[in-house]
Amino acid sequence: MNLPTRVTLVEVGPRDGLQNEKQPVPTEVKVELIQRLQAAGLKEIEATSFVSPKWVPQMADGAAVMAGIRRQPGVRYSVLTPNMKGWEAAIATRPDEIVVFGSASETFSQKNINCSIAESMERFAPVVAAAREAGVKVRAAISCAVGCPYEGPIAPEKVGYVAGLMKDIGVQHAGVADTIGVGTPRKVQAALEQALKYFPVAEVSGHYHDTYGMALANVMASLELGIATFDTSVSGLGGCPYAKGATGNVATEDVVYLLHGQGIETGIDLDALIDAGVFVRGALGQPTGSRVARALLAKRTS
Ligand code: HMG
Ligand code: MG
């Protein structure tokens with residue numbers, strides 16, 4: 001089997017991870033986390049969102065986070081922008097990439113962004129046009145690509161439908177998101193294959209929440225299809241405010257261990273990454289959600 005020899009991890013902990021934290025997280029902690037992640041070798045970092053602070057209060061300091069980062073050459077900083085208001089706030093902070101986030105489930109679209117799938121495309125289209133005009137890359141997230149907290153199983157064709165709409169409005173990359181972590185390898189492959197009808201393999205990524213503990217298996221299944229980009233969250237931070245019970249994305253540490261163990265390069269220093277996870281979980285007063293971090297931290301102290 002020919003697996004990719006190099007994989008890019010998009011660190012989404014500062015956004016997808018922290019957006020779900022109930023306690024206020026100081027801007028300085030978010031900035032320090034991003035500094036540590038880039039020092040550990042992450043080249044793509046999803047830093048924050050420009051969404052309604054009434055809906056997601058934790059991301060209200062997006063502009064301050066972007067202003068606080070000491071940018072490292074070669075690192076790409078992305079932000080979520082659901083509409084023109086979000087784009088206008090985002091562009092002032094000079095992101096390298098923006099993310100428009102739609103859903104393969106009508107109900108989740110309503111709950112998450114307060115509009116239907118068709119309406120979401122009308123909102124995204126001018127955002128995508130403005131970003132392309134400004135030379136900012138546009139990535140799409142397609143939520144509920146396997147299952148929805150409201151509708152249950154989602155047919156793969158729905159992923160294809162949304163991927164096609166995203167392609168039509170000028171989106172350059174499709175992220176296939178298992179929002180609630182219900183996917184298993186063949187189902188995730190079926191969702192990815194739908195996105196691959198519209199986007200080249202280098203522009204399709206996997207975004208797997210680990211609620212059912214299936215995310216690493218789903219990463220392996222994705223590698224088998226040649227997928228070489230994954231969104232991951234340091235120490236498994238996070239969940240989704242509109243997907244009750246969903247846990248965070250698969251832990252970056254766990255994916256790095258899985259990849260390095262098979263000779264797949266990531267450019268990431270696992271020890272420094274573990275320290276970044278220790279830092280943020282320490283600030284939150286929580287244990288790590290990464291099994292690899294737990295094992296290697298125990299080894300360090302023994
Ligand atoms: P809406 O209510 O339909 O928007 O919300 P609206 O245009 O009618 O505006 C209503 C109010 O929101 C107005 O303020 C606007 O100014 C304000 P008011 O007059 O009431 O004071 N507003 C904004 N404020 C700041 N930034 C903005 C913005 N837009 C409007 N961009 C909206 C639509 C999308 C804004 C809202 O539903 C929202 O913010 N939802 C939150 C979505 C979100 O952040 N979800 C979590 C991220 S997605 C995710 O985690 C999934 C992902 O990880 C993949 C996966 O795992 O599935 C990506
Ligand atoms: Mg997510």
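Biologist: How far does a polar side-chain atom of K54 lie from an oxygen atom of ligand 1?

Modeller: The model is predicted, and the distance is computed from its atoms. A polar contact is a pair of N or O atoms within 3.5 Å. The pair formed by K54 and an oxygen atom of ligand 1 lies at 3.0 Å.

Biologist: Which elements give two or more residues to the shell around ligand 1?

Modeller: Ligand 1 takes up the space of the largest pocket. Around this ligand there are 26 residues, with R15, N83, N112, S143 and T179 the closest. The elements that contribute two or more residues are α1, α4 (84-91), α5 (106-113) and β5 (137-143).

Biologist: Which residues coordinate the magnesium ion (ligand 2)?

Modeller: In sequence, the donor residues follow the spacing D-x190-H-x1-H. Their distances to the ion are 2.1 to 2.2 Å, and the donors are D16 (OD), H207 (NE2) and H209 (NE2).

Biologist: How many residues apart in sequence are the parts that D16 and H207 tie together?

Modeller: Both D16 and H207 are buried. D16 belongs to helix α1 (residues 13-17) and H207 to strand β9 (residues 204-208), so the pair ties together parts whose separation in sequence is 191 residues.

Key: Residues numbered from 1 in each chain as written. Chains lettered and ligands numbered in written order. Predicted model: local features only at pLDDT ≥ 70, side-chain atom pairs only at ≥ 80, totals over all residues. Heavy atoms only, no water. Donors = N, O, S within 2.8 Å, 3.2 Å for Na, K, Ca; no water. Helix = DSSP H or I, 4+ residues; strand = E, 2+ residues; numbered from the N terminus. Buried < 20%, exposed > 50% of the residue type's maximum accessible area, 1.4 Å probe, protein only. Near = heavy atom within 4 Å. Polar contact = N/O pair within 3.5 Å; in protein donor to acceptor, adjacent residues only side chain to side chain. 1 Å grid on protein atoms, 1.4 Å probe; cavity = no way out; pocket = protein on both sides within 12 Å on 5 of 7 lines; lining within 4 Å. Sits in = over half its atoms within 2 Å of the grid points.
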